[in-house]
Amino acid sequence: MSPARPVLAAVTALAFAAGFTRSLHRPSPPSFRVATSAPQAEGRRPSAPGERRPARPRSRFASKTHDVTAHAASLVELGDGRLRAFWFSGADEGTSDVRILTAVFDPLRDAWTEARTVVEAGGLGRGLFRHVGKLGNPAAIRTSDGTLWLFVVTVPFGGWANSAVTGLRSADDGETWGMPRRLVATPLFNRSTMVRGAPFEYGDGTLGLPAYQSLLRGFAEVLRVDASGAVVDKQRLSTPGQGSQPSVMVTGESDAVALLRPSGQPPPRRAMLSRTRDAGEQWTPPAPVALRSPDAALEGLALPGGRLLAVLNDTDLERDALSLVVSDDDGWSWRTVERLEDQGADRALSPDDGRYARTVEALARATDATVADASPYVRSSRRFMCWDERCHFEFSYPSLVRARGGEIHLLYTWNRAYIKHVRFDPAWLDERLADPSNAPLR
Amino acid sequence: MPRFADLLGLFGSAVVIVAGAAAAGRRLGLPRSKLASLTGVVAVAALVPIGGLPLSALLRGIAGDWSLTTLILLLGDLHRAFRPGEETFSPRGVRALQVLLTAGGLFLYPLALGLGAWDPYRLGYGHPWLVAVLLLVALGSLLLDLRLVTFAVALAVLSWAAAAGESRNLWDYLLDPPVFLWSLASLLARASAALARGRRRGGDEPVRIPAGSSR
């Protein structure tokens, strides 16, 4: 029943004429788009005695719902200077009721709105015309043309090795969203692709989406996504065991540094680092740097002037400490700017130990001055952080944004139950960066 | 309103479901009329939404979109189900396609899984070398009258060039894991059978005693 040869020859000619045309018009290797924003003041001297010191970091909870999990926040700055955050929330990570929530922060009022649902599995499946069983990490970016992109991990059934990524676009800073689109990134049933790190832009308007394969030992990639939401190229950053969950920090039109979570590495683990000098066509093999990591997500940000700022769990085992670190030399060396959280001394308390409840209460009140009754925070923390007769602390999955005025905003998961927001005054950061007592990490 | 890529994806999953039902029906020895009824009912179930999404959407969520090569083979199988005794594709063409799919899969999948730093999947985003190799395959198969190969390759390239499916990668139009595994299994089965035949000939050949010789 095969077609007659003349017909077949004609179809073949047409096919390859179209094929070579498409091939000739494929996107050429782009350069990075370097973010333009307020310059970071360099070398600010420490405040003189009697001089008004810069304000210390301020914090509050971005999420306000108790007794649910809240995890993996992603933060973007909107066109009017407000910030929008996305995170997943539900009965627990990986349950079918998990939704992607969003809330908006007004820096002038210093307040977060109530969170609302932006994506849920059933609705996303109907929009994709395919079954979606559960949702995972979101990753968002607002591009220079004002489009807000949201990428979400989805799974039809089973675990994260069965994942794929879906993209959504908003033209009104997240008030409404267009039809979702599945990103096709692997030939194996399009499975095992996940996202976490903040996307970035190329000079031709395409997006760079840091991603990772979660099958076997996992490896890191960057997916190049066009304006329609289709993957049009990809670059491999690592091989299995060399790190995953990349955070890409663009430092120039051709230069970037990627920090990788040390997945697949035996302890003691160190964060991995890779560089590119040709806008991602080639990446150096990931190598460990002097940043301890318990195999957890990390996030970095390139500051104007070339400094790299990162937030990570600088511990060997658990995620009960979180630090802000900086590099002045393109990631070759790092030093601690501020220990944001540190509960290593109270690691693995017994649930009956009153210290756990008292510590959680104190941390909640220190985080947010509006917290009057801290008992729900204790209850929620116990729910997600107590198992096998022990209670733990977790401060993880940071998301960093530098706003147009230079202020740094950080979100991270707080005991798997809340999203904590910390804002850093640029003057305070400059002072800390200039502090010579912050010795390089080894 | 679904995009064309979604319609193609749903159609592809429906073909897989219907072909599976037809194969099961043939195994059960259903007469042609009952087989037609079965495939009709299954096709409706696969395409008509019941309480939300149709069955094809469930399969699509699990397995993703199928390659055009898979769909061509399955549609050919369905044709044969209703026209027994009629060869849809020449066995020679099927064997050649299986060889190419096996070679392509062995090249693509291990490296795509992370074996090494180079990812051949990246070629599928329009690298001219891959298109050139496929042109050679298409021309060669046309000259050798392996029409199934020519048709499958040409249709995959044309669909990719037209961005008909959800993927922008040419590999996804050419092959998928099930058709690769089917090809590999078929080749291995044929090789194994040939080996067994060779052994039988070697062991069971009767001893020939030349005429006139004495023992």
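Is B:Trp118 buried, partly exposed or exposed? I looked it up: B:Trp118 is partly exposed, at a relative accessible area of 46%. My cut-offs: buried is under 20%, exposed is over 50%, and partly exposed is in between, with a 1.4 Å probe and protein chains only.

Housekeeping. This is a predicted model, so I took local features only at pLDDT of at least 70 and side-chain atom pairs only at pLDDT 80 or more, while totals for chains, interfaces and linings use all residues. Residues are numbered from 1 along each chain as its sequence is written, chains are lettered from A and ligands numbered from 1 in the order in which they are written, and side-chain values use heavy atoms, without hydrogens and water.

Aromatics. I paired rings of Phe, Tyr and Trp (six-membered ring for Trp) with centres within 6.5 Å; planes under 30 degrees apart are stacked, over 60 edge-to-face, the rest tilted. That gave me 19 aromatic pairs over all chains. For B:Phe107 and B:Trp118 I have centres 5.9 Å apart and planes at 55 degrees, so this pair is tilted. B:Phe107 sits in helix α5 (91-112) of chain B and B:Trp118 in the loop between α5 and α6 (128-143), so the pair ties together parts eleven residues apart in sequence. Helices (H or I, at least four residues) and strands (E, at least two) are DSSP runs, numbered from the N terminus.

B:Phe107 itself is partly exposed, at 34% relative accessibility. Its ring also pairs with that of B:Trp171, centres 6.1 Å apart and planes at 45 degrees, so tilted. B:Trp171 is in helix α8 (171-174) of chain B, 64 residues from B:Phe107. I note B:Trp171 as buried, at 6%.

Next I checked the second largest pocket, about 600 Å³ in volume. The volume is the space filled by probe spheres set on the grid points, which are joined across faces, edges and corners. A pocket here is an open set of points on a 1 Å grid over the protein atoms alone, where a 1.4 Å probe fits, with protein on both sides within 12 Å along at least five of seven lines; lining residues have an atom within 4 Å of a point. B:Trp118 turns up again: with A:Gln235, A:Arg236, A:Glu281 and B:Arg122, B:Trp118 is among the closest to the centre of the 27 lining residues. Strand β15 (231-236) of chain A gives the largest share of the lining, four residues.
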